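User: Hi! I've got a new model open and would like to walk through it with you. Could we start with a residue I'm curious about?

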Amino acid sequence: MGGTTVARETPAGDLRLANLTKRFGIFTAVDDLTLTIPQGSFFALLGASGCGKTTTLRMIAGLEEPTSGQVLLGDRDIARLRPYKRPVNTVFQSYALFPHLDIFENVAFGLRRRGIRQVDDQVARMLSLVQLDGYGRRRPAQLSGGQQQRVALARALINHPQVLLLDEPLGALDLKLRRQMQIELKRIQTEVGITFVHVTHDQEEAMTMADTVAVMNAGRIEQLGAPADIYEFPATAFVANFLGQSNLLAAEAAGTAGGEVPVTAHGARYSVPADRARVDRGPAHLGVRPEKLHLVGSADQVPAGHQHLTGVVSDASYVGVSTQYLLRTSWGSELSVFAANSGTTQRFAVGAEAVAHWDPRHAFLLPREPGEDDRTSPVLDEPVGAPS
Amino acid sequence: MSARFWRWLADRWVMAVALLVLGYLSLPIVVVAGLSFNRPSSRLSYDFHEFTLDNWRNPCATSDMCDAVVRSVQIGFLATAVSTVLGTLMAFALVRHRFRGRAGINVLIFLPMATPELVMGTSLLALFVAAGVPQGFWTIVIAHVMFCVSFVVVTVKARLAGMDSRLEEAAMDLYASEWQTFRRVTLPLVLPGIVAAALLAFSLSFDDFIITNFNAGTTVTFPMYVWGAAQRGIPPQVNVIGTAMFAIALLLVLASTLRGRRARRAALPVAPAVGGAARRRS
Amino acid sequence: MSALAHVPTGQSAAAPPPSARRGRHRFLPYLLLLPGAAWLLLFFALPLVQLAAASLYDPSGSLSTGYALTFAFGNYPDALAAYWPQFVRSFGYAALALVLALLMGYPLAYAIAQKAGRWKNLLLVCVVAPMFTSFLVRTLAWKTILSDNGWFVGVLRDVHLLAPDGRLLATPFAVVLGLTYNFLPFLVLPLYASLERLDRRLLEAASDLYASPVRAFRRVTLPLSMPGLVAGTLLFFIPASGDYINAELLGTPNEYMIGNVIDSAFLVRLDYPQGAALSFLLMAAMLAVVFVYLRRAGTEEVL
């Protein structure tokens with residue numbers, strides 16, 4: 001199946017949101033949002049529930065009217081067009097397939113509403129794109145969750161939208177199917193070349209599929225960029241702990257000196273390369289990802305150039321590919337450390353003293369509210385980067 | 001006493017009582033059906049005397065009874081049509097819109113269902129008499145619409161509220177205008193609720209006696225005919241009508257159940273590809 | 001139906017509260033409500049006002065000579081003084097019938113909801129089926145069943161549960177039996193609905209936590225079926241206490257309930273002020289019962 005299956009009829013142009021705001025009474029769901037989604041990209045809006053990501057999506061679809069701001073497709077402001085007047089289609093959360101129509105009619109719905117009579121060929125091609133040939137006469141209730149999801153996708157894609165919106169499209173599927181559909185969606189997106197805007201609360205899903213991820217919090221975008229860039233160098237403490245896990249130590253930065261930012265944390269002195277510091281003076285969080293921390297038995301085993309701190313192992317969970325340790329520091333915080341079970345690293349028992357060390361080039365420095373303490377996350381919650 | 005014994009006892013005990021109660025509920029139907037084949041010994045006798053098919057061969061032997069049945073059907077259709085339209089409109093407003101005075105409207109809809117029929121009947125009579133409205137066919141229709149509307153609202157509302165509003169959003173997202181969305185998605189999905197409401201309204205109207213009795217003037221509906229005849233002696237044909245009503249309603253229910261089952265079967269996989277998942281009927 | 005055309009317009013129920021809705025929808029709900037609400041106001045609410053007025057008419061008037069609204073509040077104590085036995089009887093019979101109906105209806109609803117398996121729908125149809133035919137015809141059938149020459153009375157006489165000349169028809173027993181029969185489905189259906197939602201695992205959890213079946217019923221099943229029980233008892237009690245058909249067809253004037261009195265006041269004696277006063281007393285009594293009952297049922301004391 002080549003990229004010609006679904007050709008775009010008109011060049012779309014980038015999707016731009018300009019100062020987009022939505023208030024419900026006194027609650028601001030989306031707060032002065034401005035961003036550009038390049039044509040043909042796979043864009044993910046990532047955030048916890050209630051962060052405004054779905055409202056943003058609904059405003060692009062036309063299901064919600066913005067309080068103010070613009071939704072621009074190319075040069076055209078579509079913010080106040082009715083949903084059926086927009087070249088935008090949606091794959092709804094839990095699919096919203098029409099239960100009274102069979103699969104064929106579900107997929108043909110959009111074409112028929114636009115007065116197209118000959119739909120058979122297009123529907124057949126669409127069903128084979130999503131690998132559902134021969135399912136046309138079944139009802140939605142007779143399909144499995146994954147099949148329904150693909151019908152929902154076919155039903156939207158058949159209209160050659162300029163932008164396809166996906167609202168938690170995989171949320172109702174079990175883990176294995178979700179992985180499979182992630183790859184499938186990515187394949188289809190590459191084939192059809194349509195701009196995909198994908199809303200999800202699943203960081204792993206966003207990172208797997210999207211070219212660009214925007215992390216949303218309280219109606220605003222906290223950080224926008226390629227998944228690896230955001231993960232390796234988060235912009236805020238929120239992002240550092242929403243996308244994967246981070247150990248954030250309360251520190252004081254003392255200004256840039258010789259390409260480095262020296263910091264003091266809990267009485268010890270460390271440093272971070274200047275290009276990995278979001279602040280260089282005043283209260284800061286010194287951050288290191290758990291998998292970037294390495295445990296050794298004593299300080300003389302720390303490689304040259306690495307920085308370290310000492311603590312006592314308070315918990316060790318063996319999870320197969322890795323062992324996840326909690327290291328209690330002398331001031332009482334607990335740091336997460338993921339050690340790959342590669343057979344080359346030493347194992348530590350609970351109660352043992354250990355030294356955690358890291359390469360300063362893997363650390364990062366984030367702004368911190370004065371008075372805010374360490375932000376370490378002892379809850380081991382399916383970390384990114386540690387395959388489970 | 002082991003838990004198993006208790007469970008065994010509870011299972012059998014509850015089911016046995018349930019079946020006895022069902023017998024109690026069904027007994028009069030059996031008697032009505034039986035009496036429809038009875039040739040009574042006298043006009044005022046309610047006992048089974050002699051088997052005959054005459055009542056079924058000639059159900060309209062007492063012509064005023066059949067007139068009453070026809071009148072009840074006419075009133076039933078009119079009251080059903082009007083109350084279904086009014087109630088459906090109200091249900092849409094209540095489920096799909098936000099407006100001031102919702103609480104008041106809800107009370108107005110709830111009260112007729114909680115008020116004794118006697119009070120509704122007498123109050124309407126008081127109004128018609130005070131206003132000098134002659135009572136008859138049309139006052140009955142007015143009264144029936146009044147007490148049916150609330151039941152229609154409740155029934156349609158339940159169906160509408162259970163409907164996923166994302167389906168309508170999906171339709172609009174797929175280029176259906178407001179009218180097309182209503183015509184292609186909303187209406188087909190709500191229709192079973194509206195049909196159920198109409199059937200309920202018809203049966204309420206057809207069987208109503210108390211409210212009708214106060215507002216009928218000299219017009220006679222089927223229940224009023226039965227009431228009047230109870231004093232003078234019931235013609236056995238009344239049981240024919242009662243049995244026929246029961247049979248028709250039962251057939252309707254069975255037909256709709258069977259149709260539902262057949263529709264599900266017909267929709268089963270045409271291409272027996274990966275059959276497993278598709279065979280989950282629900 | 002054309003007024004429905006604009007209904008689904010973007011009024012997504014799942015959406016958060018719409019703030020600035022399009023102007024053309026502001027009056028739509030009122031338009032949709034208008035005909036139905038007007039009908040109810042005109043033919044339900046207004047008649048109640050008229051009935052209130054009628055209950056305060058000068059009782060010396062008559063339908064032919066006309067009534068005068070003299071705010072004759074004395075109609076109420078007069079009516080009550082004359083017919084309090086029928087009032088008491090109405091509520092007594094209805095309460096007795098309710099107890100019988102609960103004893104029969106609870107096991108029935110429970111069996112259908114939890115034990116019937118694939119027979120569930122069939123049994124439900126059996127509960128509703130009697131209502132497929134006329135209320136009056138069914139009540140008359142009881143006249144045949146309870147008849148002095150019928151097999152039922154015969155059997156009871158043979159086993160000496162009934163004196164040789166004892167009868168069932170035209171007794172309070174027949175009236176209560178008729179009431180129970182006629183309104184039982186109204187009790188069973190809501191009860192079934194709430195018992196059907198009862199998660200069996202809760203009972204398993206209860207027995208896991210050392211509750212005997214009786215205790216599990218008292219502590220889990222019964223409280224969880226409360227909404228259906230409250231709705232069902234009200235749906236049973238309200239029409240049962242206002243009924244007069246069973247008393248008329250299965251009883252004698254000795255069994256007459258308040259409904260018979262009101263019926264004759266309006267249709268036979270043509271004493272509108274008294275009939276209206278009795279109707280209002282009935283409604284007030286009913287509202288009081290409902291109110292007290294709901295307040296008690298709202299708390300756990302009802303157990």
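Analyst: Happy to! P164(C) counts as exposed because it has 7 C-beta neighbours inside 10 Å. The cut-offs are 20 or more other C-beta atoms within 10 Å for buried, 12 or fewer for exposed, and partly exposed in between, with C-beta atoms placed from the backbone. Bear in mind that this is a predicted model, where local features need pLDDT of at least 70, side-chain atom pairs count only at pLDDT 80 or more, and totals for chains, interfaces and linings use all residues. Residues are numbered from 1 along each chain as its sequence is written, while chains are lettered from A and ligands numbered from 1 in the order in which they are written.

User: Where is P164(C) found?

Analyst: P164(C) is in the loop between α5 (151-158) and α6 (172-196) of chain C. Its C-alpha atom is 9.5 Å from that of V153(C), eleven residues apart along the chain. Helices here are DSSP runs of H or I with at least four residues, strands are E runs of at least two, and both are numbered from the N terminus.

User: How many helices and strands does chain C have?

Analyst: Chain C has twelve helices and zero strands. Of its 303 residues, 42% are buried.

User: What does UniProt list for residues 87-293 of chain C?

Analyst: An unreviewed UniProt entry lists "domain: ABC transmembrane type-1" there. UniProt positions are in the numbering used here, feature names are shortened, and annotations may be inferred rather than shown by experiment. Over residues 87-293 of chain C, the chain is 76% helix and 0% strand, with the end C-alpha atoms 19 Å apart.

User: Switching to chain A: which way do β1(A) and β4(A) run?

Analyst: Strands β1 (residues 15-24) and β4 (residues 68-73) of chain A run antiparallel, joined by five bridges; strands pair if DSSP finds at least two bridges between them. T21(A) stands opposite S68(A) in β4(A).

User: And β4(A) with β5(A), what's in that hairpin?

Analyst: Two residues lie between the strands, and G74(A) takes a positive phi near 65°. L73(A) has R76(A) in β5(A) as its bridge partner.
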